[in-house]
Amino acid sequence: MINKRVAKVLDRFRITSGKGFRLKDHDPGDTGGLDLQKDHAADLLQQGIERLAELQDMLYAQDRWSMLCIFQAMDAAGKDGVIKHVFSGINPQGCQVHSFKQPTPVDLDHDFLWRHSVALPERGRIGIHNRSWYEEVLVVRVHPDLLTKEKLPPRLVGKTIWEERLEDIAAYERYLARQGTVVLKFFLHVGKGEQKRRFLSRIEEPEKNWKFSAADVAERGHWDAYMSAYEEAIRGTAAKHAPWYVVPADNKWFTRLLVEAAIVEALEGLDLHYPKVTKAEKAALEVARKALV
Ligand code: ATP
Ligand code: MG
């Protein structure tokens, strides 16, 4: 079970309908009124990590459902840290992590969902996608020159292309849900000021220098365009079967706790259990036991 207080808070950050969604109603510094001591937050996270490990073991044994966790965010919002911590307890055999960077020439020779589609988790697995098909309505929308590299027949590229893409993503996610893939989408919502602080500490602290990229600062210049692209993406694709979680990301302890809770809650909703042994299988086990002793 996830902690009741955290579960209650979680509802506020889950978007299951895009109607009336506005990003400006969401504060990146929000901590859901859970102003926890650092130790207590770490304990709660640890409980979630352990519960996730139990659930994942059953998911794997049962081999019916799969789960796709999509992580989207501006740079330095903490995607890597969330992935590192939230999934730290699970069996590596039961999860598949993919990071999506700029598409390769082979990717560009296909429809935009193709490279993501081949990376989807198998039944019984948890797929972790660090960036996703949403980049096609985010970075590509903010930088339309990227679209021209996608080799689409010109007559298919019109004014409504972004709406069309969102429609296709939403339809695809519905299809996945109907196939037994639980789709969860996380937007780690960092504030512009906090991003600046994190960039500066990447410059100032030698052990963080490797994380700094001048290109990230350039992207920061397109902040408002990104925010409106995120808003449109969430509006166009939030659904009960494929919810968005708009996770405040200025406080890392809260971000991690909320993501952990969302995943645990979704798995708990599947009523997972170890496969039941049939009478015949039980009899066969008994025969094997006798032979062994
Ligand atoms: P991250 O930024 O996710 O932490 P990274 O810094 O290791 O990862 P980058 O070289 O920044 O790796 O690769 C991610 C970049 O690829 C991002 O700028 C992202 O917008 C871009 N990207 C991802 N998918 C697409 C796409 N479909 N089209 C164009 N660019 C994309
Ligand atoms: Mg990057």
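**Surroundings of ligand 1 in the predicted model**

In this predicted model, a polar side-chain atom of Glu-135 is placed 2.9 Å from an oxygen atom of ligand 1, a polar contact being a pair of N or O atoms within 3.5 Å. Taken alone, ligand 1 exposes 620 Å², of which the protein buries 72% (accessible areas by the Shrake-Rupley method with a 1.4 Å probe). Two further side chains approach oxygen atoms of the ligand: a polar atom of Lys-79 lies 2.7 Å from one, and an N or O atom of Arg-131 is 2.7 Å from one.

There are 14 residues around ligand 1, and Lys-79, Lys-101, Arg-131, Glu-135 and Glu-136 come nearest; a residue is near if one of its heavy atoms lies within 4 Å. The shell consists of seven charged, five nonpolar and two polar residues, where Asp, Glu, Lys and Arg count as charged, Ala, Val, Leu, Ile, Met, Phe, Trp, Tyr, Cys and Pro as nonpolar, and the others, Gly among them, as polar.

The UniProt record (unreviewed entry) assigns the domain "Polyphosphate kinase-2-related" to residues 37–269; such annotations may be inferred rather than shown by experiment. The end C-alpha atoms of residues 37–269 are 29 Å apart.

Residues are numbered from 1 along each chain as its sequence is written, and ligands are numbered from 1 in the order in which they are written, with chains lettered from A. Local features need pLDDT of at least 70, side-chain atom pairs count only at pLDDT 80 or more, totals for chains, interfaces and linings use all residues, and side-chain values use heavy atoms, with hydrogens and water left out.

Key. Helices (H or I, at least four residues) and strands (E, at least two) are DSSP runs, numbered from the N terminus. A polar contact is a pair of N or O atoms within 3.5 Å; within protein, one must be able to donate a hydrogen and the other to accept it, and residues adjacent in sequence count only if both atoms are side-chain atoms.
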